[in-house]
Structure formats: C-alpha cells, structure tokens
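Please work through the following exercises with the sequence and the model at hand. Each task is followed by a worked solution.

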Amino acid sequence: MGLGTFLTRRKPKTTGAQRTGSSSALPDGAGLLSVAIHDPFGHPLPGVDVTVTDAGNGRRVLKATSDPYGRITAVVPPGRYALMGTIEGLQPVHRTLEVSAGLLPEPHQLRMEAGQQPGLPQTGVWMFDPPHTAIRFVARHVGMANVHGRFTRFDGGIRVAERMEDSYIEITIDAASIDTGNKSRDRHLRSADFLDVERYPYLHFVSNRLTHRSGTRWTVQGTLTLHGVSRSVSLDTTYLGAVNGGYAEELRCAAFATAELHRDDYTLDYRSMLARGIAVVGPTVKIEMDIQAMYRNEGTPTPPE
C-alpha cells in the first residue's frame, strides 16, 4: 500500500457544519453554539447582550455579552435554541439555532440593523418637572454597605438649540435638601464636615458641551460647583424621547444621566475624617438623574409643590 493510499484512507470526512479540528474537545454528548454578530456595516459588534433559551420549554440557558470580535460561543446540550441579541441604538435580533452533538460548527452569522431613534426635542426652553425628576446618589459607607440618598429640592432646565450639540443645561440643587432616610446622618452631611450648607447652600451644574456618542447616548460635559469648588464633570446621558402627556397634555422630554464624583476634588477630605474617628462614606460618589422636562410656552402648567 503506497503512502498516497494511506493518507487518503486516513483523511476524515467533513461537512459544512464542521470546522477543521477535533470534536473530542467537547464533552460527550454536547454540542457547540457559536454565533458571530455584526453591525449594519458588517463589522464585528462587541458588547451585544445575548440571551439564549431552550426553544422547547423557554428556560434560559445562557446570558452573555459578545466579545471584542462580536462572538458568542458556548457548550450546550444538543437541541433547538432561541437567541435574542440587544444593544443600544440597533434593532434586537432574533434567531432560532439547531445544535448537534459532537460538531464544531462555523459561527452562525447575525447582522443587527439600525433601530428607529426617538426624535430630538424641539428648539426652545424646557424646564424641569420636579415631581417627575429625581436626583439620587450612591456612596460606599466605609466598612459598611452602600448609602443611598437624594436631593429633594432643585430646579433647572434645558435650552435646546437648532444644533443639539449647541444646547445648554443648568441645574441648581439645594444642598440642605439632602435626604438619606436617617435624620442624624442627614444633619451630619449638612454640617461643616461635609456639605457645609450654611456656607455653601447650593450645588450648581452648567453644561459647556454636548457630544453625541451613538444611538440615544450623549455625553454632557460641564462644570459642577460644590462646597465652593468648581470642577469639570461628564454626564453619561441616555435620551429617552419626547411625548405629549402630564398635567395638561403638555410636551415633555426625558433623559437618564449618571456621573462619578471624587470627594477629594471638592476638598471633602475623607482621610482626615477617618483619622479623627469619623465614620464617613468612601472617596467616590455616584450620581444618578432621572429627568423630565416640560416645554415652556404660554400654556405650560406650573408643577405642583
């Protein structure tokens, strides 16, 4: 028997469902679920939230996020699966996949298409509606669980320009309105150890740039003045759209924004407080803002107290 005949007999048979390689890498009786997700232009799409459920009983089998190459790979029992992928700014993708035992398939190719974006708010002045707006914060209490709180008194608004990037946002917060659900702690937070509300009664933010990132995501850059100190802050902002509704079916828009503040930037020296034996929150504070704003015109109602 010649060498050529020997190699021909030894060469494994493959099908379109198999990749070059050995299925021995899989556990006995298992199959491989493999997908490659692309954006509308055909480029690999990382960061897609993927949920895989058993198509027979609806039970969730996998929840994962696509890797930097847009790939999701998982070893699963053979069967029929329903896959859903979602990411900000694109339409969800749905696909039913068959997984066979012992096969190493080429990735299923999935393309996500552009989603319909909510229309930007019309030009003009929009004022915050306090009963439908919340300014919250989360801080790590040293050696303990997170402390959650909010500010209950504030006002502000948005001046929307013809070009959204040229718009302007301003917020004024009453420092004494801080509320963590604990009166003793709130008094301490208002004291000279923290906000020192007698000397610095307000927190004030004014924007200087709006930058569109993708889809409904924006970065709002501006200056926050707190405790007598002004520092640059970036708000990671998601625009939620505009609708007619509310007190008198007025036009209103909504957004959600987050930022992280560093206490040392505002001369709130938590290390010094620790040295004095004062139990305090940690060096960073996360800010969250749920904002609804009403378009200002002759018929705009006054929000209730």
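**Exercise 1: a sheet**

Task: determine how strand 1 and strand 7 pair, and describe the sheet that holds them.

Solution. Strand 1 (residues 31–38) pairs with strand 7 in the parallel sense, over 4 bridges. Strands here are DSSP runs (E, at least two residues), numbered from the N terminus, and two strands pair if DSSP finds at least two bridges between them. The model is predicted: local features need pLDDT of at least 70, side-chain atom pairs count only at pLDDT 80 or more, and totals for chains, interfaces and linings use all residues. Residues are numbered from 1 along each chain as its sequence is written, and side-chain values use heavy atoms, without hydrogens and water.

Next, locate a residue pair: histidine 38 lies opposite arginine 111 in strand 7. The open sheet has 3 strands in the order 4-1-7, with mixed pairing. Strand 4 (71–76) and strand 7 (108–111) are at the edges with a single partner strand each, so one side of each has no neighbour in the sheet.

**Exercise 2: the largest cavity**

Task: state which residues lie nearest the centre of the largest cavity, and which strand gives the largest share of its lining.

Solution. A cavity is a set of points on a 1 Å grid over the protein atoms alone where a 1.4 Å probe fits but cannot get out; lining residues have an atom within 4 Å of a point. Of the 20 lining residues, Ile158, Met164, Ile169, Thr237 and Ala255 lie nearest the centre. Strand 17 supplies the largest share of the lining, 4 residues.

Notes: On a 1 Å grid over the protein atoms alone, a cavity is a set of points where a 1.4 Å probe fits but cannot get out, and a pocket is an open set with protein on both sides within 12 Å along at least five of seven lines; lining residues have an atom within 4 Å of a point.
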